[in-house]
Each structure stands twice: as structure tokens, then as C-alpha cells.
Amino acid sequence: MARKGLLLVNLGTPDAPETGPVRRYLREFLSDPRVVDIHPVGRWFLLNFIILPFRSPKSAHAYRTVWMEQGSPLLVHSKALTAAVGERLSGEYEVELAMRYGNPSLPDAVARLRARGVTDFTVLPLYPQEAPSSSGSSLARTYEVLSGPWDVPNVRAVPAFHSHPAFLDAFTEVARPVISGMRADHVLFSFHGVPERHIRKSDPTGKHCLASQGCCDALTDANRHCYRAQCFATARGLASRLGLEPEGWSVSFQSRLGRTPWVKPYTDVVLPELAARGVKRLAVMCPAFVADCLETVEEVAIRGRDQFLASGGEDLKLVPSLNSHPAWVDTVVRLVRESEAAATSSPAAAAAREAPGRVG
Ligand SMILES: C=CC1=C(C)c2cc3[nH]c(cc4nc(cc5[nH]c(cc1n2)c(C)c5CCC(=O)O)C(CCC(=O)O)=C4C)c(C)c3C=C
Ligand SMILES: [Fe+2]
Ligand SMILES: [Fe+2]
């Protein structure tokens with residue numbers, strides 16, 4: 001009987017908050033052509049002469065402000081989630097965490113599952129919305145690793161869960177006490193940004209995304225796989241569950257890198273604008289992240305807060321991420337079971353079950 005394995009894949013983080021380890025992590029991350037999609041020679045120059053020398057010490061300093069006793073927040077929370085999901089799926093799935101960049105590496109995690117006899121893999125990229133630079137790259141690398149040996153295993157990927165009711169309910173459960181506790185007068189949904197070029201390149205019609213003001217206002221056949229449209233879909237789902245009035249919430253995009261245009265509006269532009277509009281108590285949710293990390297704790301809860309207060313705001317609170325909240329653990333288990341049910345109920349799976357055993 002096939003043994004089933006579940007790979008939870010997140011982005012990755014440095015091994016230590018020091019310039020050397022951060023430089024190694026950034027080199028692997030930003031050498032990925034799905035992240036920095038320019039000519040390889042240009043990427044090499046940009047990386048070695050601009051990004052790595054200047055960004056590594058700066059980012060190392062930022063990491064030091066959020067580092068936990070047990071390590072980087074992204075890793076600590078992802079490990080806790082993996083342990084909780086592993087317990088819930090014990091006897092059904094062998095569960096491992098892998099990082100697209102850094103450790104635990106994808107090859108090591110796959111090797112550990114194979115050593116336990118796993119021949120049937122489910123991959124769950126831990127990003128609610130799909131982007132070529134996050135889930136796209138994670139899946140591509142997972143397929144590459146899994147297809148290395150001659151006996152290529154069965155692989156199933158859990159689709160993006162940006163509008164899944166269980167994901168939205170779990171984030172709502174985490175957010176509600178924070179929003180009411182601080183009596184927030186506005187909720188900002190701040191998503192990780194991507195270059196606009198990536199949005200255009202992943203538009204199969206070549207003419208929908210970013211072509212008009214309201215192109216992400218609803219998910220349609222034309223933009224179903226558009227990262228920005230999926231972010232807006234998540235924000236609408238959360239705002240409606242939280243009972244927010246239309247003027248009581250907005251969307252922005254953070255963490256941009258480089259000089260090319262990224263998806264707008266930018267979080268560091270929106271924060272002072274909200275303060276100028278009279279918003280005093282701001283709750284910020286970062287629903288592109290399922291674990292707290294540098295981008296939520298340092299960029300939003302520390303730097304974003306300073307910026308908002310300096311612009312006239314009175315309070316800014318980051319809604320914690322899902323981390324290993326029980327409702328999120330339930331959601332992950334549900335996503336895995338639903339993906340298995342969808343696969344095993346397909347006509348192809350039924351035919352495979354009924355086919356006579358292989359000879360030879
Ligand atoms: C949520 C999904 C993510 C997308 C999409 C994404 C795209 C993307 N990111 C960069 C550059 C950087 N991102 C960095 C950190 C980082 N990014 C994500 C997630 C997505 N990135 C996470 C979860 C993290 C946090 C990692 C952690 O250790 O806590 C960084 C490193 C930190 C820094 O120096 O600021 C960079 C750089 C690009 C260029 C990009 C799309 C093209
Ligand atoms: Fe990023
Ligand atoms: Fe789009």
C-alpha cells in the first residue's frame with residue numbers, strides 16, 4: 001500500500017540574524033529567476049554589486065529585532081504548525097516542513113519522507129494567494145526534487161486557498177479580539193507585493209490584468225490566477241466576516257524591492273494617508289502570510305507603527321498571523337483531506353483502482 005506524505009512548504013529564512021547567513025539566504029532567494037526575472041548577467045551584477053553588499057547587513061539588523069529564542073519567527077511558527085498537523089494526521093500521513101530557500105531544505109525534507117517509505121506526496125505551499133515568485137517557485141522546485149530519482153512518485157498540490165471559508169474563518173477568529181480590543185477605526189489588509197511585471201506575465205489573456213482600474217474587483221475566468229485579484233478576494237472575504245463597512249477597510253501591498261513598479265497602493269504610502277484622513281486606531285492584517293515573520297513583525301508592527309504614529313495616528317496593532325492557531329491547524333487538515341477526496345473521486349483514480357494489477 002502507498003504511504004502518504006505531506007510536505008508543507010514555506011518561503012524560507014536565514015539560519016542566523018547575522019550578515020553572513022543573511023547574505024547566503026538572500027543569494028539563494030534572489031538568484032531565483034521567478035523572483036528576479038531579468039537577464040541572468042544583469043541579475044548576477046545586481047545581486048553581487050548592489051543587493052548583497054548593501055541589503056545583507058541591513059536585513060541582518062532587522063532580523064535581530066524579531067529573532068526569537070528558538071530562532072527565526074517564520075521557522076519557529078512553521079515548525080509548530082507542522083508538529084500540530086503531524087499529530088492530527090498521525091497514522092495517515094508522514095508530515096514534513098520544507099523551505100524553498102534555506103533550511104530545512106526541500107531535498108532534505110523529501111529524503112526524510114522517502115526514507116519513511118512515502119511514495120504518494122501531497123504538497124501544500126503555505127501561501128494563501130498564488131504568485132510565480134512564491135507558490136510557483138515552491139512547486140516548481142518541489143517537482144524538480146521529487147522527479148530526480150527514476151521512481152518518480154505520485155504528487156498532488158493543494159491549490160491556493162485565498163477564498164477558502166475555513167482559512168477566512170480562522171483569520172477572522174484571530175483578528176476579531178484585536179480589532180474590538182483596540183476599538184480600531186480602520187482595518188488595513190497589507191499583502192506582500194510583487195512587481196507589476198509579474199502580474200502581467202502571469203495573465204494568460206495578456207490583456208486583463210492591470211489594464212483597467214477595477215480589474216481585480218472580482219475573480220473572473222480572466223484573472224482567476226492573478227495574485228493581486230486573489231489578494232482582493234481574501235480582503236473582501238475577511239472584511240465581510242468582520243462586518244466592516246466599505247469605508248472601514250482598505251488594501252495595500254508591502255515589502256517592495258528595487259525601482260520597478262510593484263502592485264499598488266504601497267503600504268508605506270497608505271499609512272500616512274490614513275493618518276491624514278483622520279484614522280487614529282489602525283489594525284493591520286497581513287493575510288498573505290500564514291506565519292509571522294520579518295515582513296509582519298519588523299516591517300508592519302515596528303516600522304509601520306512608527307510611521308503611522310509619526311503621521312498623527314494614535315495606535316497601530318498588527319493582527320498576529322495564523323501561526324499554529326488551532327483553527328488554522330484544522331484548516332490545513334481540511335485542505336489536505338479535501339485535496340485527497342477530490343483526487344480519489346476523479347474518474348482517472350476510479351479507473352486506476354479498478355484496473356487489474358500490473359504484471360512484470
Ligand atoms: C507571501 C508571499 C510572498 C511573495 C509573493 C514574495 C515575493 C517577493 N519577495 C521578494 C523579496 C524579499 N522577500 C523577503 C522576505 C519574505 N518574503 C515572504 C513571502 C513572499 N515573498 C516571506 C514569508 C518573507 C519573510 C522571510 C523571513 O525570514 O521572515 C526578503 C528578505 C528579507 C529582506 O531583506 O527584506 C526579500 C529580499 C521579492 C523580490 C518578491 C517578488 C518578486
Ligand atoms: Fe518576499
Ligand atoms: Fe489581475
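Reply: Leaving aside residues up to four places away in sequence, cysteine 226 touches Ile199, Ser202, Asp203, Cys209 and Cys216. The model is a predicted one, and in it cysteine 226 sits in the loop between helix H7 (196-201) and H8. Cysteine 226 counts as buried, because 27 C-beta neighbours lie inside 10 Å and 20 or more are enough for that label. One of its contacts, isoleucine 199, is 27 residues away along the chain, yet the C-alpha atoms of cysteine 226 and isoleucine 199 are separated by 6.5 Å.

The loop between H7 and H8 also holds leucine 210, whose phi is near 65 degrees, a positive value in a residue other than glycine. Most residues other than glycine have a negative phi. Leucine 210 has 19 other C-beta atoms within 10 Å and is therefore partly exposed, whereas cysteine 226 is buried.

From its first C-alpha to its last, H6, with 18 residues, reaches 26 Å, close to the 26 Å expected at 1.5 Å a residue. After H6 comes arginine 183, with a positive phi near 50 degrees.

A kink of about 50 degrees lies in H2 at isoleucine 51, shortly before proline 53. Isoleucine 51 is itself buried, as are Ser56, Ser59, Ala60, Ala62, Tyr63 and Val66, and the buried residues of H2 pack against helix H1 (19-30), helix H3 (73-88) and helix H10 (294-310).

Two packed helices are described by the angle between their axes and the distance between the axes. For H2 and H10 the angle is about 85 degrees and the axes are 9 Å apart, which means that H2 is roughly perpendicular to H10. In this contact, Ala62, Tyr63, Thr65 and Val66 of H2 meet Leu294, Val297, Glu298 and Ile302 of H10, and these residues divide into six nonpolar, one polar and one charged.

Two further loops deserve a look for their backbone. In the loop between strand E6 (249-254) and helix H9 (267-276) lies proline 265, joined to lysine 264 by a cis peptide bond with omega about 0 degrees. Serine 255 is found in the loop between E6 and H9 as well, with a positive phi near 65 degrees, and serine 255 is buried because 20 other C-beta atoms lie within 10 Å. Proline 104, in the loop between strand E2 (93-99) and helix H4 (106-115), is joined to asparagine 103 by a cis peptide bond whose omega is about -5 degrees.

Key:
Residues numbered from 1 in each chain as written. Chains lettered and ligands numbered in written order. Predicted model: local features only at pLDDT ≥ 70, side-chain atom pairs only at ≥ 80, totals over all residues. Bend = angle between axes of the 7 residues up to and from the residue. Helix = DSSP H or I, 4+ residues; strand = E, 2+ residues; numbered from the N terminus. Buried ≥ 20, exposed ≤ 12 C-beta atoms within 10 Å, placed from the backbone. Contact = placed C-beta atoms within 7 Å. Axes fitted to C-alpha atoms, helices over the stretch in contact; angles between N-to-C directions. Parallel < 35°, antiparallel > 145°, perpendicular 65-115°, else oblique. Nonpolar A, V, L, I, M, F, W, Y, C, P; charged D, E, K, R; others polar. Expected span 1.5 Å × (residues − 1).
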